[in-house]
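Reader: I'm new to this model and would like a close look at just one part of it. Could you talk me through it in plain words?
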Amino acid sequence: MTIIRLDQNFTRWDELLALILAAFASMNGRIDPPSSALKLTTESLAEKAGTEIGHVAIENEKLIGCLFLRPEADCLYVGKLAVLPEAQGKGLGKRLLATAEATAAALGLAALRLETRIELTENHAVFGAWGFSRTAEKAHPGFARTTFVEMRKMLAAQARIV
């Protein structure tokens, strides 16, 4: 299994979109509002890769995981962390997050930040086991109730030395 950074040579947008939709499919009907993944297109993914730092995991020529990273003032935002259902539970998510940690270190950023839906308590537990702590509860526009939680992972100071 190899993790590569998306660049101008990447052309497998249809496969990447299918991967994200498959990984997020279990959320359909469980979360409100629906996942923003449902609004993605091959074109918007290509644009996202141009403005963010995207990575894909490939095994036997098949895309099996991905994540997108966006530098913020004090942290690196982790979005669209996705692993194909048949590849879940084998450590790939943790390996993708290690890529995020290395990217944050290279950028001199002290933390990773992510958001996960309030209903997805299993995600809260997994991210907690991976060193993330809940830092905020927030609501999407138009919602009076909490719809997602923000979680952060502080990185070791020596890991951030460039």
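Predicted model: local features only at pLDDT ≥ 70, side-chain atom pairs only at ≥ 80, totals over all residues.

Author: Residues are numbered from 1 along each chain as its sequence is written, and side-chain values use heavy atoms, with hydrogens and water left out.

Now for the covered side. The buried residues of α2, which runs over residues 42-51, are T42, L45, K48 and A49. Look down the axis of α2 and these buried residues fall within an arc of 115 degrees, so they line one face of the helix. (The arc is that of the directions from the helix axis to the C-beta atoms.) An α-helix has 3.6 residues a turn, so residues three or four places apart point the same way. As for the words, buried means under 20% relative accessible area, exposed means over 50%, and partly exposed lies in between, with a 1.4 Å probe and protein chains only. Helices (H or I, at least four residues) and strands (E, at least two) are DSSP runs, numbered from the N terminus.

What sits over that buried face? The cover includes helix α1 (13-24), strand β3 (62-71) and strand β4 (76-83). Contact here means heavy atoms within 4.5 Å.

Let's follow that cover into the strands. β3 is itself mostly covered, with seven of its ten residues buried. Six bridges join β3 to β4, and the two run antiparallel. A hairpin takes you from β3 to β4 through four residues.

β3 also pairs with β2, over seven bridges and again in the antiparallel sense. V56 has C66 in β3 as its bridge partner, and H55 is partnered in β3 by L67. These two strands make a hairpin with two residues between them, and N60 in the turn has a positive phi of about 50 degrees. β2 (residues 53-59) is mostly covered too: six of its seven residues are buried.

In β2, H55 is the bridge partner of R5, and strand β1 (residues 2-5) is joined to β2 by four bridges, running antiparallel.

The chain has four helices and seven strands. In sequence order they follow the pattern β-α-α-β-β-β-α-β-α-β-β. The radius of gyration is 15 Å, close to the 15 Å that the globule rule gives for 162 residues, so the chain is as compact as a globular protein of that length. (This radius is taken over C-alpha atoms, and the rule is 2.2 Å times the number of residues to the power 0.38.) Along its principal axes the C-alpha trace spans about 45 × 40 × 30 Å. Of the 162 residues, 44% count as buried. Among contacts between residues at least 6 apart in sequence, 62% join residues at least 24 apart.

H124 is in helix α4 (residues 121-129), and its 11% relative accessibility is why it counts as buried. The side chain of H124 makes a polar contact with the side chain of R134 at 3.0 Å. (A polar contact is a pair of N or O atoms within 3.5 Å; within protein, one must be able to donate a hydrogen and the other to accept it, and residues adjacent in sequence count only if both atoms are side-chain atoms.) H124 and R134 are ten residues apart in sequence and 8.2 Å apart from C-alpha to C-alpha. Not counting residues up to four places away in sequence, H124 also touches others, including I118, V149 and M151.

E150 sits in strand β7 (residues 148-154), and at 8% relative accessibility E150 counts as buried. The side chain of E150 makes a polar contact with the side chain of T135, at 2.8 Å. Leaving aside neighbours within four places in sequence, E150 is in contact with several residues, among them R113, L114, S133 and R134.

Technical notes. Pairing = 2+ DSSP bridges.
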